[in-house]
Amino acid sequence: MPTVKEILETMDYGPAPESASEVMAWLKDRDDFGHFIDGGFTKPGDGFATENPATGEVLAKVTQGSAQDIEAAVKAARRAAPKWAGLSGHERAKYLYAIARHLQKRARFLAVLETLDNGKPIRESRDIDIPLAIRHFYHHAGWAELVAEEFPNHAPHGVCGQIIPWNFPLLMLAWKVAPALAAGNTVVLKPAEYTPLTALAFAEICAEIGLPKGVVNIVTGDGATGAALVDAEVDKIAFTGSTEVGRIIRRATAGTGKALTLELGGKSPFIVFPDADLDAAVEGVVDAIWFNQGQVCCAGSRILVSEAVAQEFTARLTARLHKLRVGDPLDKCTDMGAIVHPTQLARIRELVSQGEAAGATLVQPETQLPAKGSFFAPGLLTGAEPANPASVEEIFGPVATLTTFRTPAEAVQLANTTRYGLSASIWSENVTLAMDIAAQVKAGVVWINCTNQFDAGAGFGGMRESGFGREGGREGMLAYLKTPEPKAKPEAKAPDFAAQPSPDTPSTATIDRTPKLYIGGKQARPDSGQSYTIAVKGRELGLAPLGSRKDIRNAVEAAHKAGGWGKQTGHNRAQVLYYIAENLAARAGEFAARLKEAGHDPKEAEATVQRAFYYAAWADKLDGAVKSTQSAKVTVAMNEPWGVMGIACPDAAPLLGFASLVLPAIAMGNRVIAVPAQSMPLMATDLYQVFDTSDLPGGVVNIVTGPRDELAKTLAQHDDVAAMWYCGGPEGRAMVEAESAGNLKATWVMENRDWAQAQGRAFLTRATQIKTIWVPYGE
Ligand code: NAI
């Protein structure tokens, strides 16, 4: 015990440990845990120990969930589903309120349990994790109350399988369970193997409040248990974890019809401009990367600082770094606790030494780390080039790289030099600059002059390889509801075709009738130099170009060059769409005749004109929202186009099907590579004249005809295609979902439908993704 004199000299905080006795008694009472299935705990089976990472001591033993356990849990959830979904929203809301209240009552207990199991400082579990988890249940109790009114005609998916990581165990559970239950789903949740305890305490709360049995089931275990859940008879999988496992799950669910949302890794930029409040930005770094030992998917782990202030900023940051207190997570004065597991500690060490080997310098305080447990001192890797592994790989530990930039354009370029797109933090007192950069960074969440802000009312989720789908707020509810889908209309299989050499352009002819693709606003010969015959009932109607991988690649390149389209105002895009509508109207008779000749409904032509007017009307009306989150923070949800989209159109309605998919996509600012109906692509290729005369910039719509599924596969595999829509049979749908796993592009696969009815807001929301921007005001 230091003397008062000593304390006054050092001004050191004394230890202020939170008592773990209540939690230890609770653990002792239980000893081994079984799963929570159908409202009760199963007998504990073979399993593994969960340890306190700060000491290495065993806290409890949990059961390794087998495929049979998963099956039993899914069956219980299935049995409970109809009754739970059949309750009024108000009835479900009461259960969610009760859960929130009970969590609140046991908040301190849960905070200590979380800290013991995960190693995070008690200050974080007490002030962040648990309050946010509680807020989530209250917020979603509200959604349960309002679901029928706010989401008319929507239905729950049924049984949801949910797999969560170890970095925010109870909070991740809340993010997943609360909206699922509010929407009327039942769940089977698998917590992470390192941190299952708060989920098991949560199970007790479910039992305590009398939640109907089977509505929430919790099965503990490792990745194999998770994989069994993915394969089980569930209707939706919601996963948070590594990008690598996200990819495995994307492939495993492809073609199964299971809905999927993925919240994956990140390598988020933290951008400091010369006019930033540097002290605030330094504290921002503390939150962004040293908070939770850097074990945060949205950690601002790449600090990009303007050269003009780099020296000053680094000096202040290093000074702050040396003052961080690393140690006992239960001590209320601790800034940084333990790393969740020795495996994770080894991974951090490995990546940091790779970073050093590749030329970066590690700045780390001479902190005395506790002798026992998994600890890693906070660090900065300076001079890490963009290609350095430490700049590229997610370290998932308390180490950030620090690099400089000269201009805002360079900052954006560096920020976007990553395959991830989860979050970004931007520091500047100039709101014009900050918003400009926020619009340009590829990230699902952007914090201006703040970082790591979360709220149940705001969407959270990534772009690119950080996954798809949003958690929180209205968009999070939508992830647990089925949008009404029109009835499927079976489609005849497109006839096989034989390729043949394309006729050469007659050198003297005034009109070139060689079949052409439409790429970058120009007609282009297919790379194959070949065509195929379009015939109806044995009668030849013409030749279509035989597109190939190479043509798709060219089209993607052309689409990327047309990036200006997404930056235009909705009004300007509307003008072009109106123009398309008018030009189509002028030629509607001609299109109708062609459709008739090809054995299709000539009414498609008129309907296509109407569709163009319809999406012109929408081009400037899909509003975003200002979310109700924290005081003194504007939280904006902005709709952004995906960028470059691939669209494989239905064979059934060669003109209207094409228009119904391509028009909403471009109305929202996307550029499209469309593969039209294989059996009758000429309707679409004929549109090039309409596009040309309507001032549609080259590259916004690119048309590649040929074997639809082969071309769709190339699009699904293409890393520079951000989203993919596919209409076709089950094999094609499975193929597109599986092949899109490479860059984890968002997909929408659909059966053929009645295209006369196929328009509406759903097409527009599918053509956009939400970027949430947080802007604090006041102090
Ligand atoms: P992980 O992705 O392996 O584990 C996350 C969850 O998925 C756990 O519950 C795990 O049991 C389960 N799982 C593992 N393999 C599975 C499979 N084949 N099928 C279904 N479920 C499976 O992540 P891990 O190993 O815990 O951490 C590795 C890296 O992942 C970290 O270093 C970090 O980079 C990243 N990560 C990202 C998180 C995020 O919030 N985005 C959270 C945790 C980890």
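Two strands pair if DSSP finds at least two bridges between them, a strand being a DSSP run of E over at least two residues and a helix a run of H or I over at least four, each numbered from the N terminus. This is a predicted model, in which local features need pLDDT of at least 70, side-chain atom pairs count only at pLDDT 80 or more, and totals for chains, interfaces and linings use all residues. Residues are numbered from 1 along each chain as its sequence is written, and side-chain values use heavy atoms, without hydrogens and water.

- An open sheet of three strands runs in the order 1-5-4, with mixed pairing.
- Strand 1 (32–33) and strand 4 (47–51) are at the edges with a single partner strand each, so one side of each has no neighbour in the sheet.
- Two bridges join strand 1 to strand 5 (residues 58–63) in the parallel sense.
- Phe 33 lies opposite Val 62 of strand 5.

**The second largest pocket**

- The volume of the second largest pocket is about 1,400 Å³, taken as the space filled by probe spheres set on the grid points, which are joined across faces, edges and corners.
- A pocket is an open set of points on a 1 Å grid over the protein atoms alone, where a 1.4 Å probe fits, with protein on both sides within 12 Å along at least five of seven lines; lining residues have an atom within 4 Å of a point.
- Its lining has 48 residues, with Lys 442, Glu 640, Pro 641, Trp 642 and Gly 643 nearest the centre.
- Strand 27 gives the largest share of this lining, four residues.
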